[in-house]
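Please examine the sequence and the three-dimensional view below before reading on. The paragraphs that follow lead through the strands, the aromatic rings and the open space in turn.

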Amino acid sequence: MSSTSVIGQFKNQTTGETCTVIKLMPSNALPGNECYVTDEADYLEPDPGDPNNFKMASGDVLIPVY
C-alpha cells in the first residue's frame, strides 16, 4: 500500500497560481522512489537549483508559500 503526505502550498513563479504539493510514497518506500504531484495531478521534480522548490514539466518553478 502506498502513502501520501502534503508537503505544503506552493506558488507558480510564472502564472502566480497557488497549488498544493503532495508526496506519494510507494509501498516499498525505498529512498528515491517517492514522487511529487500537485493537487491537479501535475507531475513535479525537485528543482536542481533550489531543494526547496519544485519544477513542472512545462519548466515552471513552484516556490513555497510561507
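Which residue in β5 is the bridge partner of P46? The partner is F54. This pairing belongs to a predicted model, in which strand β4 (residues 43–46) and strand β5 (residues 54–56) run antiparallel and are joined by three bridges.

The structure holds two aromatic pairs. In one of them, the ring centres of F10 and F54 are 5.3 Å apart and the planes stand at 75°; the pair is therefore edge-to-face, since planes over 60 degrees apart count as such. This pair links distant parts of the chain, because F10 lies in strand β1 (residues 3–12) and F54 in strand β5, 44 residues apart. F10 and F54 are both buried.

The rings of Y36 and F54 have centres 4.9 Å apart and planes at 50°, so this pair is tilted. Because Y36 lies in strand β3 (residues 35–38) and F54 in strand β5, the pair ties together parts that are 18 residues apart in sequence. Y36, like F54, is buried. Through these ring pairs, F10, Y36 and F54 form a cluster.

Attention may now turn to the open space. The largest pocket holds about 180 Å³ of space. Its lining includes N12, T15, E17 and T18, as well as M56 and L62. By type, the lining residues divide into three nonpolar, four polar and four charged.

Technical notes. Residues numbered from 1 in each chain as written. Predicted model: local features only at pLDDT ≥ 70, side-chain atom pairs only at ≥ 80, totals over all residues. Heavy atoms only, no water. 1 Å grid on protein atoms, 1.4 Å probe; cavity = no way out; pocket = protein on both sides within 12 Å on 5 of 7 lines; lining within 4 Å. Points joined across faces, edges and corners; volume = space filled by probe spheres on them. Nonpolar A, V, L, I, M, F, W, Y, C, P; charged D, E, K, R; others polar. Pairing = 2+ DSSP bridges. Helix = DSSP H or I, 4+ residues; strand = E, 2+ residues; numbered from the N terminus. Phe/Tyr/Trp six-rings, centres within 6.5 Å; stacked < 30°, edge-to-face > 60°. Buried < 20%, exposed > 50% of the residue type's maximum accessible area, 1.4 Å probe, protein only.
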